[in-house]
Amino acid sequence: MTEQTQAVENSSTSTGTQIIRIISGVLGHFVVKRFLFFLFVVWLASTVIFIIPRLSGQDPVKEKLLLEAQRGGAMQTGLDAMAKSYQKRFGLDQPMWTQYLNFLKDLVKLDLGVSIAFFPRTVNDIVFESLMWTLGLMGTVTILAFILGTLAGAILGWPRKPGWLQYIFMPLLTLSAIPQYLLAMILIFVIAFQLEWLPLFGGYAPATVPTLTFEFAVDVIRHAILPAFAIIFSAIGFWAIGMRGMMINTQGEDYMIQADAKGLKGSRIFMRYAVRNALLPQVTGLALVLGTIVTGQVLVERVFSYPGIGDILFQAIRLSDFFVIRGIVIIIILGIAGATFLLDVLYPLLDPRIKVRKS
Amino acid sequence: MTESVTTPDAINPAESGGWSQFNEERLTPMKKYALRNPSLIVGLSMLFGMLFLVGVGHLVWDTEQFRPLSAPTRLAPTLSHELRDGTTGAFPFGTDTQGRDLLAVAILGTPLTLRVGLIAGAVAIGLGTVAAFLAAYYRGFVDAAIRSVVDVGLAMPALLILILVRINIGRELSIDEIGIAIGLTSWVFPARTIRSQVLVMREQTYVELSRLSGTSGMGIIFKEMMPNLIPYITASLVGSVAGAILASIGLEAIGLGNFSEPTLGMTIYWNIQFSSITLGMWWWWLPPLAAIVIVFVSLFLISSGLDEWSNPRLRKRV
């Protein structure tokens, strides 16, 4: 709804209908629609997460507490407090819908509960500490893989490329079929174990305490190189395949023939005409594979004992720390849904051909 | 797409002389096509070559030694090792820190992992195809409902949902149960892609014609659309199998597999758990790793070969 028409309507209608108009206008807006879908995804996902434990008929928390009680020892002291906190959290005597509403209320407040294995600590506390490591690694890696892979695919799909390039890139494409954590194991063996160029595992040297010094930063980067390359190597192929297909599709377009007829330089046709147009579907691809990237990285972190979410998840599974596992699942789904929402909203800015209808 | 380095033109009867011309006449069109589509052939022969070796292994090797403590521990590959009772035993793949014969593990584990993938792939493609046809053929409310389920499903990583389900079940799942669970969580992607194929197809003239001549909805789906979609569905099936194997190994590597089955994923789990790499026990992690790489690369080649088969527009492009 443009401002002009709105102004005309303002003078002729009462405030009541005006408000309804504005509300429906806002609801019809593309960004709002995407945001509502984002909320819908998060709501449906959390409902699934709420239902799963109740379908199985088992109670992992109670079982875990019983197990600890049988073992006795140091855990015994916290047991009462834990049980109380647990009862209060789930309100097990209350009807199902009250439990459900309480669960949603806690989610809105981003209160993910209390760890069972490390009792007084909250899930938020445990997860957010490791989230930094995961996000730092994943951000760098995803952007690098996207750029390198897209570039590789663009050159591969370009008819005027040197012939020998084919033989270099084909093995790279095959790498995309190999799971990231297996590449991680190979990298550890060759580079960290045999050649001893880089550290074997961890996020920083075992004896050091995280500080803001130059030495520590170098140490962190040295530890991040191998996990990063494990993910980059296998992701490059994915981006290259998609980009190559799009490049081939642009070859037949009229604007390519026109650019050629105008006698433009090859490099200009390549970057401004072919790549610019072939790039856009790649951004949509990014939204589709975010989930795969995250789960892949969780396993790579496990292989490297990298102090990110993957390592926390593994520890939590080993200790049957139900709330931590649930918290990690919720946070990852929130993150993926949020990132997809952002990509959806930014996409029309990148591609002016997609007109966003405002009314 | 990835027809590997040989171009289809490499098999050119005019260039390769009399022998190939003789053969050319006798080759059926299917075989001729296979020669033009090397990735399908290479992929299939890799997969079946490995299965053949596994089959031979089953016949000649004592696979009962996959259990822990059935062999000496931490043995590098050897053909003659003196056992405690004085006899000599051969361990061509070595043994691990818990005393498994790793050759037996490799022989049993490879088909088990493929089985998880096949079960999950079949479940996922079955559900996905049904959902896709329901959505694309009947449109309206059905389509809207299925589409939103698919959209939400795509936003939730299957592995995480599997972890939650497995934690709540609270017991180890059997191989078949893992396969079914993975299938149930991974049908949304095939549903989405097959749906868009059906949408294109239902506008085709032969479908219109069939509708005009009074064929029922089910008749159109099974007699007109299905036969044309089979190549595409087969290609998606291969993709789903690969995805399911990836998910099952992920689930096992993170410690939620079946601890009494010697699958490739469980072997990877034990490797990470006992940090075999830092122990220098290369013979422990190399066979499962090689097997997994062969499985994935061959499935990747098969699926791109099938892609070319189902989508002729991809042919002849390098």
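**View 1. Helices α8 and α10 of chain B pack side by side in this predicted model.** Helix α8(B), which covers residues 188–202, and α10(B) pack with their axes 11 Å apart and at an angle of about 160°, where axes are lines fitted to C-alpha atoms, for helices over the stretch in contact, and angles run from 0 to 180 degrees between N-to-C directions. That angle makes α8(B) roughly antiparallel to α10(B), since angles under 35 degrees count as roughly parallel, over 145 as roughly antiparallel, 65 to 115 as roughly perpendicular and the rest as oblique. The crossing of these two helices is right-handed (left-handed if the near helix is turned anticlockwise from the far one by less than a right angle, right-handed if clockwise). On the α8(B) side, B:P190, B:T193, B:I194, B:Q197, B:V198 and B:M201 meet residues of α10(B), including B:M225, B:L229 and B:Y232; two residues are in contact if their C-beta atoms, placed from the backbone, lie within 7 Å. By class, this contact of α8(B) with α10(B) holds eight nonpolar, five polar and no charged residues, with Ala, Val, Leu, Ile, Met, Phe, Trp, Tyr, Cys and Pro counted as nonpolar, Asp, Glu, Lys and Arg as charged, and the others, Gly among them, as polar.

Residues are numbered from 1 along each chain as its sequence is written, and chains are lettered from A and ligands numbered from 1 in the order in which they are written. Because the model is predicted, local features need pLDDT of at least 70 and side-chain atom pairs count only at pLDDT 80 or more, while totals for chains, interfaces and linings use all residues.

**View 2. Helix α4 of chain B crosses α8(B).** The axes of α4(B), residues 102–138, and α8(B) come within 8 Å and cross at roughly 40°, and the two helices are therefore oblique to each other. Their crossing is right-handed. Among the residues of α4(B) that take part are B:A124, B:G128 and B:F133, and among their partners in α8(B) are B:P190, B:I194 and B:V198. The contact of α4(B) with α8(B) divides into 13 nonpolar, two polar and two charged residues.

**View 3. Two strands of chain B form a hairpin.** Strands β1(B), residues 78–82, and β2(B), residues 88–91, pair in the antiparallel sense over three bridges (pairing requires that DSSP finds at least two bridges between the strands). Five residues lie between the two strands, and B:G86 in the turn has a positive phi of about 95°. B:E82 stands opposite B:T88 in β2(B). Of the five residues of β1(B), the number buried is zero, so this strand lies largely in the open; a residue is buried if 20 or more other C-beta atoms lie within 10 Å of its own, exposed if 12 or fewer, and partly exposed in between, with C-beta atoms placed from the backbone.

**View 4. Chain B touches chain A.** Here 35 residues of chain B are in contact with 47 residues of chain A. The elements of chain B that give two or more residues to this side are α5 (140–155), α6 (158–169), α10 (217–253) and α12 (282–310), and the largest share, eight residues, comes from α6(B). The residues on this side of chain B divide into 27 nonpolar, seven polar and one charged.

View 5. Of the 318 residues of chain B, 43% count as buried, and for the 359 residues of chain A the buried part is 32%.

Technical notes:
Helices (H or I, at least four residues) and strands (E, at least two) are DSSP runs, numbered from the N terminus.
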